[in-house]
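Work through the exercises below with the sequence and the structure at hand. Each task is followed by a solution in steps.

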Amino acid sequence: MTKCLILSMEEWAEKKNKEKIIVEKINLKIGEFTCVEPISLINTFNAAVLGSWLDSSEITIETIPFEGKCSKCNRSYFPKKENGYKSPCCNLNLDEIISGRELKIASIDFKEK
Amino acid sequence: MHLPISDKIELNILHQNSHQAEKNKVKFNNYNLLCLNIMSSPGAGKTRLLEITLEDLSTEFQSAVLEGDMTTNLDAARLEKLNIPVVPITTGRACHLDANMVSGGLKLLEKKINPHILDILLVENVGNLVCPAEFEIGEHFKVALLSITEGEDKPLKYPIMFREADLILITKVDLLPHLNFDINELKSNISSTNPKADVIEISSITKSGFDLWQKWISKKILKFKK
(Lines give C-alpha, C1' and ligand atoms only; values in the text may rest on other atoms or scores of the structure.)
Protein backbone atom coordinates (compact mmCIF):
# COMPACT_ATOMS: atom_id res chain seq x y z
CA MET A 1 0.00 0.00 0.00
CA THR A 2 2.91 2.34 0.84
CA LYS A 3 4.43 1.61 -2.57
CA CYS A 4 1.11 2.44 -4.25
CA LEU A 5 0.94 5.70 -2.32
CA ILE A 6 4.47 6.70 -3.35
CA LEU A 7 3.79 5.76 -6.99
CA SER A 8 0.63 7.90 -6.91
CA MET A 9 2.66 10.79 -5.51
CA GLU A 10 5.30 10.34 -8.23
CA GLU A 11 2.57 10.39 -10.87
CA TRP A 12 1.07 13.56 -9.38
CA ALA A 13 4.47 15.25 -9.14
CA GLU A 14 5.29 14.56 -12.78
CA LYS A 15 2.61 17.08 -13.71
CA LYS A 16 3.95 19.69 -11.26
CA ASN A 17 7.69 19.75 -11.97
CA LYS A 18 8.95 17.81 -8.98
CA GLU A 19 12.19 19.81 -8.68
CA LYS A 20 10.31 23.03 -8.00
CA ILE A 21 7.96 21.93 -5.22
CA ILE A 22 8.12 20.87 -1.58
CA VAL A 23 5.32 18.61 -0.40
CA GLU A 24 4.30 19.50 3.12
CA LYS A 25 1.28 17.30 3.76
CA ILE A 26 -0.37 14.35 2.08
CA ASN A 27 -3.92 14.20 3.38
CA LEU A 28 -5.45 10.75 3.17
CA LYS A 29 -8.94 9.41 3.72
CA ILE A 30 -8.82 5.82 4.91
CA GLY A 31 -11.97 3.83 5.53
CA GLU A 32 -12.35 1.71 8.65
CA PHE A 33 -13.38 -1.28 6.52
CA THR A 34 -10.08 -1.63 4.63
CA CYS A 35 -6.91 -3.63 5.14
CA VAL A 36 -4.95 -0.50 6.07
CA GLU A 37 -3.80 0.24 9.60
CA PRO A 38 -3.22 4.03 9.58
CA ILE A 39 -0.24 4.11 11.96
CA SER A 40 1.51 1.35 10.01
CA LEU A 41 0.99 3.24 6.76
CA ILE A 42 2.49 6.39 8.31
CA ASN A 43 5.49 4.51 9.72
CA THR A 44 6.26 2.60 6.54
CA PHE A 45 5.82 5.73 4.44
CA ASN A 46 8.22 7.70 6.66
CA ALA A 47 10.79 4.93 6.40
CA ALA A 48 10.36 4.49 2.65
CA VAL A 49 10.78 8.17 1.72
CA LEU A 50 13.87 8.88 3.84
CA GLY A 51 16.32 10.84 1.70
CA SER A 52 13.86 11.17 -1.19
CA TRP A 53 11.98 14.22 -2.50
CA LEU A 54 9.11 13.30 -0.12
CA ASP A 55 11.36 13.19 2.95
CA SER A 56 9.93 16.36 4.48
CA SER A 57 6.30 15.51 3.82
CA GLU A 58 3.86 14.53 6.52
CA ILE A 59 0.93 12.14 6.24
CA THR A 60 -2.39 13.05 7.81
CA ILE A 61 -5.19 10.52 7.91
CA GLU A 62 -8.89 11.16 8.21
CA THR A 63 -10.57 7.93 9.21
CA ILE A 64 -13.86 7.36 7.39
CA PRO A 65 -16.34 5.40 9.49
CA PHE A 66 -17.63 2.03 8.41
CA GLU A 67 -21.30 2.55 7.68
CA GLY A 68 -23.83 0.12 6.29
CA LYS A 69 -27.46 0.33 5.23
CA CYS A 70 -30.15 -2.04 6.46
CA SER A 71 -31.68 -3.85 3.49
CA LYS A 72 -35.12 -3.92 5.12
CA CYS A 73 -35.71 -0.48 6.64
CA ASN A 74 -32.98 1.47 4.75
CA ARG A 75 -31.59 2.94 7.98
CA SER A 76 -27.85 3.54 8.06
CA TYR A 77 -25.84 2.01 10.92
CA PHE A 78 -22.29 1.38 12.07
CA PRO A 79 -21.62 -2.38 11.71
CA LYS A 80 -19.77 -3.98 14.61
CA LYS A 81 -17.72 -7.17 14.44
CA GLU A 82 -19.05 -8.21 17.88
CA ASN A 83 -22.56 -8.16 16.43
CA GLY A 84 -21.55 -9.99 13.24
CA TYR A 85 -21.98 -6.68 11.31
CA LYS A 86 -25.77 -7.09 11.57
CA SER A 87 -28.12 -4.13 11.44
CA PRO A 88 -29.27 -3.26 14.98
CA CYS A 89 -32.69 -2.17 13.69
CA CYS A 90 -33.78 -5.39 11.91
CA ASN A 91 -30.94 -7.77 12.89
CA LEU A 92 -30.08 -8.44 9.24
CA ASN A 93 -26.74 -9.34 7.67
CA LEU A 94 -24.50 -6.64 6.23
CA ASP A 95 -25.85 -5.71 2.82
CA GLU A 96 -24.92 -2.36 1.30
CA ILE A 97 -21.78 -0.57 2.47
CA ILE A 98 -22.23 3.21 2.43
CA SER A 99 -18.72 4.15 3.54
CA GLY A 100 -15.57 2.68 5.03
CA ARG A 101 -13.92 1.28 1.88
CA GLU A 102 -12.08 4.53 1.02
CA LEU A 103 -8.36 4.46 0.24
CA LYS A 104 -7.84 7.98 -1.06
CA ILE A 105 -5.38 10.81 -1.34
CA ALA A 106 -7.83 13.61 -0.57
CA SER A 107 -5.42 16.51 -1.08
CA ILE A 108 -1.76 17.44 -1.18
CA ASP A 109 -0.40 20.58 0.48
CA PHE A 110 2.75 21.83 -1.20
CA LYS A 111 4.88 24.93 -1.67
CA GLU A 112 6.71 26.15 -4.73
CA LYS A 113 10.42 26.72 -4.11
CA MET B 1 9.15 30.76 -1.17
CA HIS B 2 5.44 30.87 -1.99
CA LEU B 3 2.40 30.29 0.20
CA PRO B 4 1.25 26.67 0.58
CA ILE B 5 -1.14 25.41 -2.07
CA SER B 6 -3.69 22.67 -1.43
CA ASP B 7 -4.33 20.44 -4.42
CA LYS B 8 -7.59 18.57 -3.83
CA ILE B 9 -7.17 15.46 -5.95
CA GLU B 10 -9.44 12.81 -4.33
CA LEU B 11 -7.37 10.06 -5.96
CA ASN B 12 -7.66 6.38 -5.09
CA ILE B 13 -4.31 5.21 -3.71
CA LEU B 14 -4.73 1.98 -5.65
CA HIS B 15 -5.72 3.65 -8.93
CA GLN B 16 -2.57 2.55 -10.79
CA ASN B 17 -3.22 -1.04 -9.78
CA SER B 18 -6.89 -0.73 -10.70
CA HIS B 19 -5.95 0.71 -14.10
CA GLN B 20 -3.59 -2.20 -14.81
CA ALA B 21 -6.23 -4.67 -13.55
CA GLU B 22 -8.69 -3.21 -16.07
CA LYS B 23 -6.11 -3.68 -18.83
CA ASN B 24 -5.60 -7.30 -17.74
CA LYS B 25 -9.34 -7.88 -17.81
CA VAL B 26 -9.62 -6.46 -21.34
CA LYS B 27 -6.90 -8.91 -22.39
CA PHE B 28 -8.68 -11.84 -20.72
CA ASN B 29 -11.91 -10.82 -22.44
CA ASN B 30 -10.19 -10.56 -25.81
CA TYR B 31 -8.84 -14.08 -25.29
CA ASN B 32 -12.32 -15.23 -24.20
CA LEU B 33 -10.57 -16.47 -21.08
CA LEU B 34 -12.29 -16.63 -17.70
CA CYS B 35 -9.97 -15.66 -14.85
CA LEU B 36 -10.42 -16.75 -11.24
CA ASN B 37 -8.38 -15.30 -8.38
CA ILE B 38 -7.91 -18.06 -5.79
CA MET B 39 -7.11 -16.73 -2.32
CA SER B 40 -6.73 -18.09 1.21
CA SER B 41 -4.41 -18.20 4.19
CA PRO B 42 -1.28 -20.37 3.80
CA GLY B 43 -2.11 -24.07 4.06
CA ALA B 44 -5.85 -23.85 3.41
CA GLY B 45 -5.43 -26.19 0.44
CA LYS B 46 -5.25 -23.98 -2.66
CA THR B 47 -2.64 -26.01 -4.52
CA ARG B 48 -4.25 -29.37 -3.73
CA LEU B 49 -7.60 -27.94 -4.81
CA LEU B 50 -6.03 -26.90 -8.12
CA GLU B 51 -4.37 -30.29 -8.65
CA ILE B 52 -7.73 -32.07 -8.43
CA THR B 53 -9.68 -29.35 -10.24
CA LEU B 54 -7.30 -29.15 -13.19
CA GLU B 55 -7.44 -32.88 -13.67
CA ASP B 56 -11.25 -32.88 -13.53
CA LEU B 57 -11.54 -29.89 -15.88
CA SER B 58 -9.15 -31.36 -18.45
CA THR B 59 -11.84 -33.50 -20.11
CA GLU B 60 -13.95 -30.47 -20.95
CA PHE B 61 -11.84 -27.30 -20.77
CA GLN B 62 -8.34 -26.00 -21.50
CA SER B 63 -6.79 -24.46 -18.40
CA ALA B 64 -3.66 -22.58 -17.38
CA VAL B 65 -2.33 -21.38 -14.05
CA LEU B 66 -0.46 -18.34 -12.79
CA GLU B 67 1.09 -19.53 -9.55
CA GLY B 68 1.92 -16.85 -6.99
CA ASP B 69 4.42 -17.67 -4.28
CA MET B 70 6.68 -15.53 -2.12
CA THR B 71 9.94 -17.43 -2.35
CA THR B 72 9.72 -20.78 -4.13
CA ASN B 73 8.41 -22.53 -7.24
CA LEU B 74 7.35 -25.60 -5.26
CA ASP B 75 3.62 -25.23 -5.95
CA ALA B 76 4.22 -24.46 -9.63
CA ALA B 77 6.34 -27.63 -9.89
CA ARG B 78 3.45 -29.68 -8.45
CA LEU B 79 1.00 -28.29 -11.01
CA GLU B 80 3.38 -28.64 -13.96
CA LYS B 81 3.18 -32.41 -13.47
CA LEU B 82 -0.40 -32.19 -14.79
CA ASN B 83 0.92 -31.11 -18.21
CA ILE B 84 -0.88 -27.80 -18.27
CA PRO B 85 0.77 -24.42 -18.82
CA VAL B 86 1.92 -22.99 -15.47
CA VAL B 87 3.72 -19.70 -14.95
CA PRO B 88 5.28 -19.19 -11.53
CA ILE B 89 5.24 -15.64 -10.16
CA THR B 90 7.66 -15.22 -7.27
CA THR B 91 6.70 -12.09 -5.37
CA GLY B 92 9.81 -11.81 -3.19
CA ARG B 93 8.86 -9.88 -0.09
CA ALA B 94 5.40 -8.93 -1.34
CA CYS B 95 2.54 -10.72 0.42
CA HIS B 96 0.11 -10.58 -2.50
CA LEU B 97 -0.10 -10.55 -6.28
CA ASP B 98 -0.82 -7.20 -7.87
CA ALA B 99 -2.10 -6.38 -11.34
CA ASN B 100 1.40 -5.67 -12.71
CA MET B 101 2.70 -9.04 -11.58
CA VAL B 102 -0.26 -10.77 -13.23
CA SER B 103 0.33 -8.76 -16.41
CA GLY B 104 3.94 -9.99 -16.40
CA GLY B 105 2.76 -13.54 -15.79
CA LEU B 106 0.32 -13.29 -18.67
CA LYS B 107 3.11 -12.15 -21.01
CA LEU B 108 5.14 -15.23 -20.05
CA LEU B 109 2.07 -17.41 -20.57
CA GLU B 110 1.63 -15.91 -24.06
CA LYS B 111 5.16 -17.13 -24.89
CA LYS B 112 4.25 -20.67 -23.79
CA ILE B 113 0.85 -21.00 -25.40
CA ASN B 114 -1.70 -19.14 -27.50
CA PRO B 115 -4.21 -18.01 -24.84
CA HIS B 116 -7.01 -18.10 -27.43
CA ILE B 117 -7.12 -21.88 -27.01
CA LEU B 118 -7.66 -21.57 -23.25
CA ASP B 119 -11.00 -21.49 -21.43
CA ILE B 120 -9.93 -20.68 -17.89
CA LEU B 121 -6.98 -19.10 -16.13
CA LEU B 122 -6.64 -19.94 -12.45
CA VAL B 123 -4.48 -17.50 -10.51
CA GLU B 124 -3.27 -18.88 -7.19
CA ASN B 125 -2.57 -15.89 -5.01
CA VAL B 126 -0.02 -15.75 -2.19
CA GLY B 127 -1.30 -17.31 1.05
CA ASN B 128 -2.62 -14.33 3.02
CA LEU B 129 -6.09 -13.26 4.15
CA VAL B 130 -5.35 -9.53 4.20
CA CYS B 131 -3.66 -7.78 1.25
CA PRO B 132 -4.84 -9.98 -1.67
CA ALA B 133 -8.38 -8.83 -0.87
CA GLU B 134 -7.55 -5.20 -1.72
CA PHE B 135 -5.56 -5.73 -4.92
CA GLU B 136 -7.59 -6.37 -8.06
CA ILE B 137 -5.72 -8.35 -10.71
CA GLY B 138 -8.31 -8.22 -13.49
CA GLU B 139 -10.11 -11.38 -12.39
CA HIS B 140 -13.73 -12.09 -13.25
CA PHE B 141 -14.41 -13.84 -9.94
CA LYS B 142 -12.73 -14.12 -6.56
CA VAL B 143 -12.68 -17.46 -4.79
CA ALA B 144 -11.68 -17.60 -1.12
CA LEU B 145 -10.81 -20.84 0.65
CA LEU B 146 -11.22 -21.30 4.38
CA SER B 147 -10.19 -24.56 6.01
CA ILE B 148 -12.06 -25.69 9.07
CA THR B 149 -8.81 -25.94 11.05
CA GLU B 150 -8.59 -22.13 10.92
CA GLY B 151 -11.62 -21.59 13.17
CA GLU B 152 -15.18 -20.38 12.80
CA ASP B 153 -14.32 -16.74 13.50
CA LYS B 154 -12.12 -16.02 10.46
CA PRO B 155 -14.81 -14.31 8.34
CA LEU B 156 -15.27 -11.82 11.17
CA LYS B 157 -11.53 -11.38 11.75
CA TYR B 158 -10.67 -10.95 8.06
CA PRO B 159 -13.94 -9.47 6.77
CA ILE B 160 -12.61 -7.78 3.62
CA MET B 161 -11.40 -11.07 2.14
CA PHE B 162 -14.74 -12.80 2.71
CA ARG B 163 -16.77 -9.72 1.74
CA GLU B 164 -14.97 -9.49 -1.60
CA ALA B 165 -15.26 -13.19 -2.49
CA ASP B 166 -17.84 -14.40 -5.01
CA LEU B 167 -17.43 -17.97 -3.83
CA ILE B 168 -16.19 -19.31 -0.50
CA LEU B 169 -14.92 -22.89 -0.39
CA ILE B 170 -14.92 -24.42 3.09
CA THR B 171 -12.06 -26.90 2.82
CA LYS B 172 -10.88 -29.98 4.74
CA VAL B 173 -14.43 -30.88 5.81
CA ASP B 174 -13.35 -34.53 6.08
CA LEU B 175 -11.78 -33.46 9.40
CA LEU B 176 -15.13 -32.42 10.89
CA PRO B 177 -15.64 -35.62 12.95
CA HIS B 178 -12.24 -35.13 14.56
CA LEU B 179 -12.55 -31.47 15.53
CA ASN B 180 -14.63 -29.43 17.90
CA PHE B 181 -15.81 -27.21 15.07
CA ASP B 182 -19.25 -25.69 14.50
CA ILE B 183 -19.76 -25.44 10.73
CA ASN B 184 -23.11 -23.69 11.16
CA GLU B 185 -21.41 -20.96 13.17
CA LEU B 186 -18.86 -20.57 10.38
CA LYS B 187 -21.62 -20.33 7.77
CA SER B 188 -23.44 -17.79 9.90
CA ASN B 189 -20.25 -15.70 10.15
CA ILE B 190 -19.81 -15.93 6.38
CA SER B 191 -23.41 -14.75 5.85
CA SER B 192 -22.86 -11.88 8.28
CA THR B 193 -19.91 -10.64 6.26
CA ASN B 194 -21.13 -11.52 2.79
CA PRO B 195 -24.72 -12.75 2.46
CA LYS B 196 -24.41 -12.86 -1.35
CA ALA B 197 -21.44 -15.24 -1.62
CA ASP B 198 -21.89 -18.81 -2.83
CA VAL B 199 -20.59 -21.33 -0.29
CA ILE B 200 -19.44 -24.89 -1.00
CA GLU B 201 -18.08 -27.43 1.51
CA ILE B 202 -15.25 -29.43 0.03
CA SER B 203 -12.71 -32.13 0.87
CA SER B 204 -9.63 -32.92 -1.19
CA ILE B 205 -9.37 -36.29 0.60
CA THR B 206 -12.90 -37.66 0.09
CA LYS B 207 -13.56 -35.40 -2.95
CA SER B 208 -16.90 -34.43 -1.46
CA GLY B 209 -18.14 -31.12 -2.82
CA PHE B 210 -15.94 -31.26 -5.91
CA ASP B 211 -18.95 -31.99 -8.09
CA LEU B 212 -20.54 -28.70 -6.93
CA TRP B 213 -17.29 -26.77 -7.39
CA GLN B 214 -16.81 -28.17 -10.90
CA LYS B 215 -20.42 -27.32 -11.70
CA TRP B 216 -19.84 -23.76 -10.42
CA ILE B 217 -16.77 -23.36 -12.66
CA SER B 218 -18.40 -24.93 -15.73
CA LYS B 219 -21.42 -22.66 -15.37
CA LYS B 220 -19.19 -19.57 -15.12
CA ILE B 221 -17.10 -20.59 -18.15
CA LEU B 222 -20.12 -21.38 -20.33
CA LYS B 223 -21.90 -18.16 -19.35
CA PHE B 224 -18.72 -16.16 -19.97
CA LYS B 225 -18.20 -17.68 -23.41
CA LYS B 226 -21.75 -17.02 -24.61
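Two strands count as paired if DSSP finds at least two bridges between them. The model used here is predicted.

**Exercise 1. Find the strand that pairs with β3 of chain A over 2 bridges, and state the sense of the pairing.**

Step 1. Locate β3 of chain A at residues 67-69.

Step 2. Follow its bridges to β4(A): there are 2, and the two strands run antiparallel. The cut-off for pairing is at least two bridges.

Step 3. Check one bridge by residue: A:G68 has A:Y77 of β4(A) as its partner.

**Exercise 2. Write down the strand order of the open sheet of 3 strands in chain A, and name its edge strands.**

Step 1. The order is β4-β3-β5, and the pairing is antiparallel.

Step 2. An edge strand here pairs on one side only, which holds for β4 (76-77) and β5 (96-99) of chain A.

**Exercise 3. Describe the side of chain A that touches chain B: how many residues are in contact, and which element supplies the largest share?**

Step 1. Count the contacts on both sides: 29 residues of chain A meet 27 residues of chain B.

Step 2. The largest share, 10 residues, belongs to β6(A).

Step 3. Sort the residues of this side of chain A by type: 14 are nonpolar, 5 polar and 10 charged.

Step 4. Turn to the pairing between the chains. β6(A) is joined to β1 of chain B (residues 5-12) by 6 bridges in the antiparallel sense. In one of these pairs, A:K104 is bridged to B:N12 in β1(B).

**Exercise 4. Decide whether β5 of chain B (residues 120-124) is enclosed or open, and find strands that pair with it.**

Step 1. Apply the cut-off for burial: 20 or more other C-beta atoms within 10 Å of the residue's own.

Step 2. Of the 5 residues of β5(B), 5 are buried, so the strand is largely enclosed by the rest of the structure.

Step 3. Separate the two directions. B:I120, B:L122 and B:E124 point one way, while B:L121 and B:V123 point the other way; all are buried. In a regular strand, side chains alternate between the two faces of the sheet.

Step 4. Trace the partners. β2 of chain B (residues 34-39) runs parallel to β5(B) over 5 bridges, with B:L36 opposite B:L122. β3 of chain B (residues 63-69) is also parallel to β5(B), joined by 5 bridges, and B:S63 stands opposite B:I120.

Note on methods:
Residues are numbered from 1 along each chain as its sequence is written. Chains are lettered from A and ligands numbered from 1 in the order in which they are written. This is a predicted model: local features need pLDDT of at least 70, side-chain atom pairs count only at pLDDT 80 or more; totals for chains, interfaces and linings use all residues. Helices (H or I, at least four residues) and strands (E, at least two) are DSSP runs, numbered from the N terminus. Two residues are in contact if their C-beta atoms, placed from the backbone, lie within 7 Å. Ala, Val, Leu, Ile, Met, Phe, Trp, Tyr, Cys and Pro count as nonpolar, Asp, Glu, Lys and Arg as charged, and the others, Gly among them, as polar. A residue is buried if 20 or more other C-beta atoms lie within 10 Å of its own, exposed if 12 or fewer, and partly exposed in between; C-beta atoms are placed from the backbone.
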